[in-house]
Amino acid sequence: MTNIQNNKSIPREEYPRPQFVRADWLNLNGEWEFAFDDDRIGEQEKWYGNDYPAPYPQSITVPFVFQSKLSGIGNPEFHDVVWYRKSFDLPEAWNGKRIVLHFGAVDYLAKVWINGQLAAVHEGGHTPFQADITDLLVPGSQTITVRAEDFSRDITLPRGKQYWLENSASIFYTRTTGIWQTVWLEPVDQTYLKRVAMTPDIDRNEIQLHTFVEGVQGGATDLELEVTVSFQGERIACDRYKVLRPEEHRSVHLHDFAEHGLGRLWSPEHPNLYDISFKLVGDGRVLDEVDSYFGMRKVSIENGRLCLNNRPYYQRLVLDQGYFEDGILTAPSDQDLKRDVELAKEMGFNGVRKHQKMEDPRFLYWCDRIGMLVWGEAANAYAYSENYVRQFTSEWQEVIQRDYNHPCIVTWVPLNESWGVPNVQIDAKQQQHGLAMYHLTKSLDQTRPVVYNDGWEHMTTDLVTIHDYESRREVLEARYETVESTIEAMPANRRIFVGGAAYAGQPILVTEFGGIAFKASEWEGWGYSGADNEEDYLQRLKDVVDPMYASPVVQGFCYTQLTDVEQEINGLLTYNRQPKAPLEQIRQIITGRKAN
């Protein structure tokens, strides 16, 4: 892989799209001009135009938002409109290619100009977008300008944990505005592979491919796609077929899978991955080459049991907010994302629930490689409106498309704790929105369970998930002793089902619990219950985890939480990732003193 600007001084220099890799690319992270536009005059004065030569008054380090220390600004105040500008040169080797500009994520509404010409508009703070900028290029240097608009006080905006008041409080944290994931360029041909959806089928020993090719003319006969699958360097399968339409479906049989069987399944214990390469050929030459990978694994519900690879599997998850002290939503480095996965695994967890954040694909990459289940959860709004429905539905579809191929993702969670639908208990419109999100998700992905509303107030749902911050062992033991006592319980004074829905035998998991505060540093804050010292902390941890294992009903749990976040100090790790107790002692409790 060739990063034309492969320079260690560039922050987040790693390739940003690890499941769809091309050899040549240009990283645009680093120093950009920057300006606040509180009076909203930038578009009127054409700050994006070539005839606006004045430098912006500040500089910022992309991809860190201005609220973060790593941006070089560190200003948490409200500034809902901000501008970025940067000049760059394209490699001569890219002459004759189409040039595609990529943004990993911009919070929230982005407008992008190239050399004063509008190139892209995107709404949604967590999902990527791209633009073919070829026709906007000029001889010599190019100028890119970005206007990002946030809506800091709008509680109907899909925002996750970003607070709508100026100072963090309770369970809400510092906002992010603007570019917070990598900005980059890549060259492509007139005809190129735009996307691939890969669906493993372990029962048929196949990987199903749904390919999307840009620039295909209907009925073309000279365009072919060559697919090569290998495992640990050994070629397993090779297929080559005509591309007649922009979308094609193909299944590739994995003969080795029938031979090696369980030894090549993907799981947290054995994160086996197949490599797959795509070569698009036409006009007697190679038009495009892309490298990727997939895992052969299956998530299913069999006779009321939650299964991984056709066997019941107990999920030990940890709630992971994905916040960083100096970068907020942006990890300082790729190694920081990797280390979070490693620390969770060292503490005995086999999965994470990414909470109120559609995470950087690099994190999912490390979960795929290291072996960690992920529940993919949306960043929710806090109140309901018709505009919220439009915004949220669009962004949720984009994240499912972006993350579909990751074997680590085993569950989709569009809604959490009735956020965005606060009156779902009685409001038929909000109930129908939840049902729409459930069915929309199932229409896009039939391979993973979908949770209607994580925590409580379920209707149609594949899993019954409960949030319960009770700290007394005896209460938890009694509450989860039977299905009836579980379903009739009302943690947080919320019903488990609403709208006439009732329990129908779905797997039951306690997907938020614990939240034990322990002050392991000078950091001040709160938790759902508190410990006085390390010994007390470990005992309290054991008191909430043991009842989960003792229950004949519960099929998995999600402990709150991986790290402290700002004023919330109920992490197993501090905000800077220091353990509050020896990792091995935590591991013994989390695993129920099992060796795995």
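This is a predicted model: local features need pLDDT of at least 70, side-chain atom pairs count only at pLDDT 80 or more; totals for chains, interfaces and linings use all residues.
Strand 14 is the leading contributor, giving 6 residues to the lining. The lining as a whole comprises 43 residues, and the pocket has a volume of about 920 Å³. Nearest the centre of the pocket are Arg17, Pro128, Gln130, Gln401 and Arg402. Sorted by class, the residues of the lining are 20 nonpolar, 10 polar and 13 charged.

Attention now turns to the aromatic side chains. The structure contains 37 aromatic pairs. One of them joins Tyr108 and Phe151 in an edge-to-face arrangement, with 6.2 Å from centre to centre and 80° between the planes. Tyr108 belongs to the loop between strand 7 (106-107) and strand 8 (109-114), while Phe151 belongs to the loop between strand 11 (142-149) and strand 12 (178-179); the pair therefore ties together parts that lie 43 residues apart in sequence. The two partners can also be described by their accessibility. Tyr108 is buried, at a relative accessible area of 0%, whereas Phe151 is partly exposed, with a relative accessibility of 27%.

A further edge-to-face pair is formed by Tyr384 and Tyr388, whose centres are 5.9 Å apart and whose planes make an angle of 65°. Here, Tyr384 is partly exposed, with a relative accessible area of 22%. Because its relative accessible area is 0%, Tyr388 counts as buried. Elsewhere, ring pairs link several aromatic residues into a cluster, made up of Trp47, Tyr48, Tyr52, Tyr56, Trp83 and Trp113.

Arg195 places its charged end over the ring of Phe212, at 3.9 Å from the ring centre. Another such contact involves Arg369, which lies over the face of Tyr293 at a distance of 4.8 Å from the centre of the ring.

Key. Residues are numbered from 1 along each chain as its sequence is written. Side-chain values use heavy atoms; hydrogens and water are left out. On a 1 Å grid over the protein atoms alone, a cavity is a set of points where a 1.4 Å probe fits but cannot get out, and a pocket is an open set with protein on both sides within 12 Å along at least five of seven lines; lining residues have an atom within 4 Å of a point. Grid points are joined across faces, edges and corners, and a volume is the space filled by probe spheres set on the points. Helices (H or I, at least four residues) and strands (E, at least two) are DSSP runs, numbered from the N terminus. Ala, Val, Leu, Ile, Met, Phe, Trp, Tyr, Cys and Pro count as nonpolar, Asp, Glu, Lys and Arg as charged, and the others, Gly among them, as polar. Rings of Phe, Tyr and Trp (its six-membered ring) pair if their centres lie within 6.5 Å; planes under 30 degrees apart count as stacked, over 60 as edge-to-face and the rest as tilted. Buried means under 20% relative accessible area, exposed over 50%, partly exposed in between (1.4 Å probe, protein chains only). A charge sits over a ring if NZ of Lys or CZ of Arg is within 6 Å of the ring centre and within 35 degrees of the ring normal.
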